[in-house]
Amino acid sequence: MIEYIKGTLAVLTPTSATVETSGGVAYLLNITLPTFSSLEGCTECRLYVHEAIRDDAWVLYGFAEERERELFRSLIGVSGVGAATAVIILSSLQGDELAAVISGGDAKRLKAIKGIGAKTAERIIVDLRDKIKATGDTLSIQMPRRSDAFEEALAALHMLGFDRKQSEKALSALFDADPSLKVEAAIKKALSMM
C-alpha cells in the first residue's frame with residue numbers, strides 16, 4: 001500500500017496532479033480543489049495517497065493533508081458514496097467545514113452539492129456524525145459563508161482553472177448587486193468580467 005508520493009510536480013490541473021519520483025516514474029493522482037490550491041506554484045510536493053484497485057483500473061487519489069485523506073476514506077465508507085462523489089464533497093466543503101456540517105446534521109448544505117440527494121445526505125450524517133469531529137479553532141475563524149449559489153459558482157470557476165481570489169472578487173460583486181442570482185447566470189457574468 002502506498003502511504004504517500006513525493007517528487008516533482010510535473011503537471012497540475014484542478015482535478016489531477018502528475019508527480020514524477022526520483023526513480024523516473026510519474027504517478028497520476030486525482031485531487032480535490034483544496035489540494036490543488038495548496039499545490040499551485042509548487043515544484044516539489046508530497047501527496048498522501050489512497051489507492052482504489054479494481055478489476056479494470058488502479059486509481060490513485062492524492063491529498064495535501066492527511067486529515068483530508070481520512071475524511072475521504074470516511075466518506076467512501078458510506079453506502080452510496082463513491083470516490084468521485086467524495087472528491088466533489090471535499091472540493092465543496094473543506095475540512096472542518098465538512099465536519100461542522102456533519103456534526104450539526106445540516107443535510108441542506110450536503111444536498112446543495114452536485115450529486116448528493118436527500119437520502120445520501122442523511123446517510124452521510126447518520127454514518128459519520130460520531131466519527132468526524134471538527135478540530136478546534138478553525139471553525140471559529142472561518143470566513144462567513146456566502147449563499148449556496150455563490151459557493152457552487154465559485155467551485156465551478158475554480159474547477160475551470162480560474163484563480164480562486166479573482167473568481168471570488170467577481171462573484172462577490174455580482175452577488176452584492178443581486179443576491180438572488182442563479183448559479184448559471186453568475187458563472188456566465190463572472191466569465192465576462194475576467
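Analyst: Helix H9 (residues 183–193) holds both glutamate 184 and lysine 188, which sit four residues apart, about one turn of the helix. Glutamate 184 and lysine 188 form a salt bridge, with 3.3 Å between the closest N and O atoms. Both of these residues are exposed. The model is a predicted one, and it holds eight salt bridges.

Helix H2 (residues 66–76) also contains a pair about one turn apart: glutamate 66 and arginine 69, separated by three residues. Their side chains meet in a salt bridge at 3.5 Å, N to O. Glutamate 66 has a relative accessibility of 38% and so counts as partly exposed. Arginine 69 counts as buried because its relative accessible area is 2%, under the 20% cut-off. Glu66 and Arg69 also belong to a network of salt bridges that links them with Glu3, Glu70 and Arg73.

Arginine 67 takes part in another salt bridge, its side chain meeting that of aspartate 96 at 3.2 Å, N to O. This pair links distant parts of the chain: arginine 67 is in helix H2 and aspartate 96 is in helix H4 (residues 96–103), 29 residues apart. Aspartate 96 has 7% relative accessibility and therefore counts as buried, whereas arginine 67, with a relative accessible area of 30%, is partly exposed.

Methods:
Residues are numbered from 1 along each chain as its sequence is written. This is a predicted model: local features need pLDDT of at least 70, side-chain atom pairs count only at pLDDT 80 or more; totals for chains, interfaces and linings use all residues. Side-chain values use heavy atoms; hydrogens and water are left out. A salt bridge is a side-chain nitrogen of Lys or Arg within 4 Å of a carboxyl oxygen of Asp or Glu. Helices (H or I, at least four residues) and strands (E, at least two) are DSSP runs, numbered from the N terminus. Buried means under 20% relative accessible area, exposed over 50%, partly exposed in between (1.4 Å probe, protein chains only).
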